[in-house]
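Hello,

Here is the structure I promised to pass on. My notes follow below it.

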Amino acid sequence: MQEAPIFTFEIPEKRDGREVYDFIKSCPPLDLNSRYAYFLLCDHFSKTSIICRDIGNEEEVVGFIGGYRKPEEPETLFVWQIAVSEKCRGHKLSHMMLERLIGVNDPTPVEKVEATYTPSNMASYNFFTRFGESKSARVDTSDYLSEEDLSGGGSDHEAEKKIIISFDKQ
């Protein structure tokens, strides 16, 4: 029987931006943003992002969530991107990382989680749906950006749908 990995969860720091960029690059088919964007996520949005490492090799990033609180709705955590290394899939790492992020009440408790996903990315849709169900939360979806909105510059991009997980106020 294979031993389950043990993870460390950290608030990213600006210096982690390069490592996170390299990690996301190794996780196709995720959209790769600029290296600069990952430095910003790890610096400006560090309290709403999380970096995960395998305790057996603390130099290697095995998970990352980049997100932010919506400026007009600080109770809403928008999840920009979730990535888990292939070798760590199946250990509920995405769930553990998101659980930690919604537990941060800085300065407002998280009442909603929002994210977008492409219709072909059923893994993302299924993850957010299962996460919401595990919290007995309401899960709603809607159209967000059309293919036309996202096309241009010679690249095609699928439409983006929005998923909203609403937690009951306690």
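Where does threonine 48 lie? Threonine 48 sits in the loop between helix H2 (35–43) and strand E2 (50–54); helices (H or I, at least four residues) and strands (E, at least two) are DSSP runs, numbered from the N terminus.

Before the rest, a word on the source: this is a predicted model, in which local features need pLDDT of at least 70 and side-chain atom pairs count only at pLDDT 80 or more, while totals for chains, interfaces and linings use all residues. Residues are numbered from 1 along each chain as its sequence is written, and side-chain values use heavy atoms, with hydrogens and water left out.

Back to threonine 48, which is buried at a relative accessible area of 11% (buried means under 20%, with a 1.4 Å probe and protein chains only). A polar atom of the threonine 48 side chain lies 2.8 Å from the backbone oxygen of glycine 67. Leaving aside neighbours within four places in sequence, threonine 48 is in contact (heavy atoms within 4.5 Å) with Gly66, Gly67, Tyr68, Arg69, Leu77 and Leu101.

Now the chain as a whole. Five helices and seven strands follow one another as β-α-α-β-β-β-α-β-α-β-α-β. The C-alpha trace spans about 45 × 45 × 35 Å along its principal axes. Of the 170 residues, 39% are buried. Among contacts with a separation of 6 or more, 63% come from residues 24 or more positions apart.

Enjoy looking through it!

Best wishes

Note on methods
Buried means under 20% relative accessible area, exposed over 50%, partly exposed in between (1.4 Å probe, protein chains only). A polar contact is a pair of N or O atoms within 3.5 Å; within protein, one must be able to donate a hydrogen and the other to accept it, and residues adjacent in sequence count only if both atoms are side-chain atoms.
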